[in-house]
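Work through the following exercises with the sequence and the 3D structure beside you. Try each task before you read its solution.

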Amino acid sequence: MSFREWMSAALYDEREGYYRRGVERWGRAGDYRTSPEVSPLFAATFARYFAALHEELGRPDSLLLVEAGGGAGHFARVLLSTLERDRPEVFGKTLYVFDEVSERSRQHAALLLAPFADRVEFRALEDVTGASVVFSNELLDALPVHRVKMSAGVLRELFVGLDGEGNFIWAESEPSTPRLAEHFARAGRELAEGQEAEVNLDAEDWIARAARAAATGGYVVTVDYGAEATELYRAPERGQGTLRAFRRHAFVEDVLSDPGEHDLTTTVDWTQIKNAGERAGLRTLLLERQDSFLLRAGLLEQLERETALAADEAEVARLRLGAREMILPGRMASSFQVLVQKKV
């Protein structure tokens, strides 16, 4: 099978997929930490930003926010709480659509978001139209990808097979879809001999769905870690691509081992995502490092607000530590980017 099919099963199989199984994936006890788990300032600052987008939209009577890949609901809970407390006039207009494939995560989110039950709906992105904002955080990097390799001057695809002992192994074959060659032709790039790379066609398809869900004038806000194509496919530094596996915050050496037991991820090709958005009717407004974006969106002002309301000094210390993680050079947020696109 193609690696894209294998990765899809490893991550999303109904019973044994990594994102479907009843395991703890977030926080120190899990395999990774995302920004909403690092600090509530992440979602609180986005609450400020979405309120500003409400102004940009002309203060409509309703604000339809869609979060795709919402996980356990940490982001949604803080964002809605912040809007209710600080911007009640915006909160009163808000309907929050929560899209998440994992049943266990949806159940967890339903408990977290119970205080906002009258403002939250659990629906798939495909079922949404007229969204004011479609938001995702670390979603695209977890979508299944095709893997390709340049062999004897010809683009080949890397498939997954079995050896004589039943272990998963790599195997080269003809590309499973012409879209792989079209991807590199559209980008005006060619891999070096022997170079391997990933192509995330599912990310293109997701951006098209997000564009269909957004209202004219609405926004698609995507947070993830990625690079432009010129950097992503540069040889020899990127000779083996960007595919990697994590378990308990450590690299897994063999990505084909123990499918369903660890996270699989690749670096997002922002050039591809911007171009796919343009084809789907989205105009790119900005692509910016997450730390710079959060500062412009008012993270320091939000920190001042939260510390003034903190229950004790321990909470103040946690907020300040989280702020440093969000904005200091070399910390988590400096490795992520924020892409904002607008439906035209």
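**Exercise 1. Which residues of α3 are buried, and what span should this helix have?**

Solution. The buried residues of α3, where buried means under 20% relative accessible area with a 1.4 Å probe and protein chains only, are Leu41, Phe42, Ala43, Ala44, Thr45, Phe46, Ala47, Tyr49, Phe50, Ala51, Leu53 and His54. These make up twelve of its 17 residues, and α3 is thus mostly covered.

Before going on, note that this is a predicted model, in which local features need pLDDT of at least 70 and side-chain atom pairs count only at pLDDT 80 or more, whereas totals for chains, interfaces and linings use all residues. Residues are numbered from 1 along each chain as its sequence is written, and side-chain values use heavy atoms, with hydrogens and water left out.

At the start of α3, a side-chain oxygen of Ser39 comes to within 3.1 Å of the backbone nitrogen of Leu41, and after the helix follows Gly58, whose phi is positive, near 90°.

**Exercise 2. At what angle do α4 and α12 pack, and which residues meet?**

Solution. Helix α4 (residues 74-86) and helix α12 (residues 299-309) pack at an angle of about 80°, and their axes, which are lines fitted to C-alpha atoms over the stretch in contact, are 13 Å apart. The two helices are therefore roughly perpendicular, a term that covers angles of 65 to 115 degrees. Next, look for contacts (heavy atoms within 4.5 Å): Thr82, Arg85 and Asp86 in α4 meet Gln302, Arg305, Glu306 and Leu309 in α12.

**Exercise 3. Is Glu100 buried or exposed, and which backbone nitrogen does its side chain reach at 2.7 Å?**

Solution. First locate Glu100, which is found in the loop between β2 (94-99) and α6 (103-112). With a relative accessible area of 11%, Glu100 is buried. The side chain of Glu100 reaches the backbone nitrogen of Gly71 at 2.7 Å, while the backbone nitrogen of Gly70 lies 3.4 Å from a polar atom of that side chain. Finally, leaving aside neighbours within four places in sequence, Glu100 is in contact with Gly69, Gly70, Gly71, Ser105 and Arg106.

Conventions: Buried < 20%, exposed > 50% of the residue type's maximum accessible area, 1.4 Å probe, protein only. Helix = DSSP H or I, 4+ residues; strand = E, 2+ residues; numbered from the N terminus. Polar contact = N/O pair within 3.5 Å; in protein donor to acceptor, adjacent residues only side chain to side chain. Axes fitted to C-alpha atoms, helices over the stretch in contact; angles between N-to-C directions. Parallel < 35°, antiparallel > 145°, perpendicular 65-115°, else oblique.
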